[in-house]
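Here are some exercises to work through with the model open beside you. Try each task before you read its solution.

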Amino acid sequence: MTLLAGAGMGVIDTGHQQFESADRDLWVTAGETRLTTAGGGGFENSLYNSRTVASEMESHEDVQHAIPMAFQTIYVGTEPTADFETFVGAGVSGGGPSVQVTEGERFSGDTYYANGSYDGERTNEILLDEETAATLDVDIGDTLYVGGTLSAARDTEVTVVGFSPTFERMLGTSTVVMPLSELHEATGETRTEPATFITITLADGADAETVQADLELSHPEYQIQTNQEQLESVLQEQALVLAAGAALVVLAIGAGVALTFNLLALVVYQQREAVAALTAQGVSSSLLIGSIIGQGLAIGFAGGLLGVVLTTPAVELLNQIAAAVVGFDGLVQTSSDILLGGFAIALVVGTIAAIVAGWRLSRTKPLDIL
Amino acid sequence: MSPAATSSSHPTEGDRSPVVYATDVTKVYTRGSGPGRVGKLLGRPEPPSVTALDKISVAIDAGEIVGLAGPSGSGKSTLLHLLAGLETPTAGTVQFQDQDLETLSRRERIRLRLEHVGIIFQHFHLVDSLSARANVSLPLVELGMGTRKRRERSEALLTRVGLEDRISHRPGELSGGEQQRVAIARALATDPTLIIADEPTGELDTETGQRVLEEFKRIATDRAVVLASHDQPTLEIADRIVQLRDGTRVEATQADT
């Protein structure tokens, strides 16, 4: 039950946490921003000429950074002849000021862009999240081969310069981070420079809604949204997912109640003849009901405790499977509320089931059973 | 009024005072509910009824074993249930130590069974999740006996039936014969004056059945025992046999006199 509830809550919460962890003030998109699991997960890229648009927006006095970000499935391998795996490649402009680096170094820059000529010096640098590094069995300083196609990947050698959890947390999937120009080059999109969105970090003290209104006025063709609006617009596209998440939570509670009730009813049913024999012997209904309630409490407590203890490792296992299959990390999420709820249902429903079953049994004439 | 003082006016069949006696008991079972007033007006028939016992009289003395014999459906179990106060007769009376069971409330009959009647079933009916000792202790809990005394008494009873090395075992860990001996110990827990046994060896092989019957002989020294069985070797331990057929008593024999 806790696992099912955890899956439901995880589906609902995943998107929200990812946007919160992105730590941005405004989001600029060109229409709908669809979540996709295709090619390992990520968003669709529909904001073209992103560099120019970002530059224009950054000229606003209250905008500290306007950073185009693109997410594109790319091939990554440890050897040019080895099997390549697909990951979401995140492209960030500049030195990646919005990218948190937990170990190693930031990019030395996005020099290949060279004001749109794409003839600057390539950094050939890449950042990985730690899970991707573990998957590929590489460390800082190791060489990888990346590209939008297999042939491009075999020819493009890059060096791991650091570890970054930023996009892995944001997208919920294993991600490699490259300078935006080098990602566009790797995927053959330098001409249109598509981005998934432009994220805007405001200057200290700036009012998000005022800047939002200004930018909407100057760039009416784009949607400019706050964190919450952006989340809602993404999740509106995922109504089915949300409904499934909510259904899972309801199903978890319903199934937990039904299973606990049935288990106790079965336990009591199996003892009906022994109970009837004791009733015939003169043992009172209150003693027998008390004994059955004691069993209900004991079974509910033991079952609830076992469920709570097993939930955490089971969540870990399910998340690993979910990450491997659908590309989202942390899809099943548990919390103390879910664990306490599961334990409470086991205990309370177990006791109520025992009371009902015991009462029902005590009302039956022993000779009808024996 | 003691049973001894009144035994001559009751249908006793031995020299000892009766613990329980049934006088002209009839038990009729009705299948389904009656038609009701409206049903009667509409001409609905009365539901069919079956006479399980028809004017049976029998008295059981302390210290004797009475066997109830007869084919299936002859009324053995019904008579056992009436003698134990589990059911009340449609007609006639059942007196337990001179108390007419029909005059007692349901609660009083339950208390009487707890204190004075031990019941042993063919299928043992022990609580699987409890140890042999806890199974024997259950009726003593109802009597309000303290934990230590319950433990001592249940262990003494299990020792008495030869299960001193099985005290902590659960029913699933015991053989059929051992389970039946636990059931006997449970029936003896409240030191009853009447033991009722319905096919007590029905689930046991011959050798195990004989050992259980030896227990019956031992426990019958100071109390009345009524056992119903199809099995002739089981009935051979009885002092008297009451033969039933189609709810009527057809003969009574002295088994070992």
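**Exercise 1: the fold of chain A**

Task: find what share of the contacts in chain A between residues at least 6 apart in sequence join residues at least 24 apart.

Solution: Take a contact as heavy atoms within 4.5 Å. With that rule, 76% of the contacts in chain A between residues at least 6 apart in sequence join residues at least 24 apart. Next, look at burial: of the 370 residues of chain A, 48% count as buried, that is, under 20% relative accessible area with a 1.4 Å probe, protein chains only.

Before going on, note that this is a predicted model, where local features need pLDDT of at least 70 and side-chain atom pairs pLDDT 80 or more, while totals for chains, interfaces and linings use all residues. Residues are numbered from 1 along each chain, chains are lettered from A, and side-chain values use heavy atoms, without hydrogens and water.

**Exercise 2: the interface**

Task: describe the side of chain A that touches chain B.

Solution: Start with the contacts: 15 residues of chain A meet 20 residues of chain B. Leu278(A), Gln281(A) and Leu367(A) lose the most area to chain B in chain A, together 38% of what that side buries; buried area is the accessible area (1.4 Å probe) lost when two parts are put together, summed over both. Finally, sort by class: the side of chain A has eight nonpolar, six polar and one charged residues.

**Exercise 3: charges**

Task: count the salt bridges between chain A and chain B.

Solution: Search for a side-chain nitrogen of Lys or Arg within 4 Å of a carboxyl oxygen of Asp or Glu. The count is zero between chain A and chain B.

Technical notes:
Buried means under 20% relative accessible area, exposed over 50%, partly exposed in between (1.4 Å probe, protein chains only). Ala, Val, Leu, Ile, Met, Phe, Trp, Tyr, Cys and Pro count as nonpolar, Asp, Glu, Lys and Arg as charged, and the others, Gly among them, as polar.
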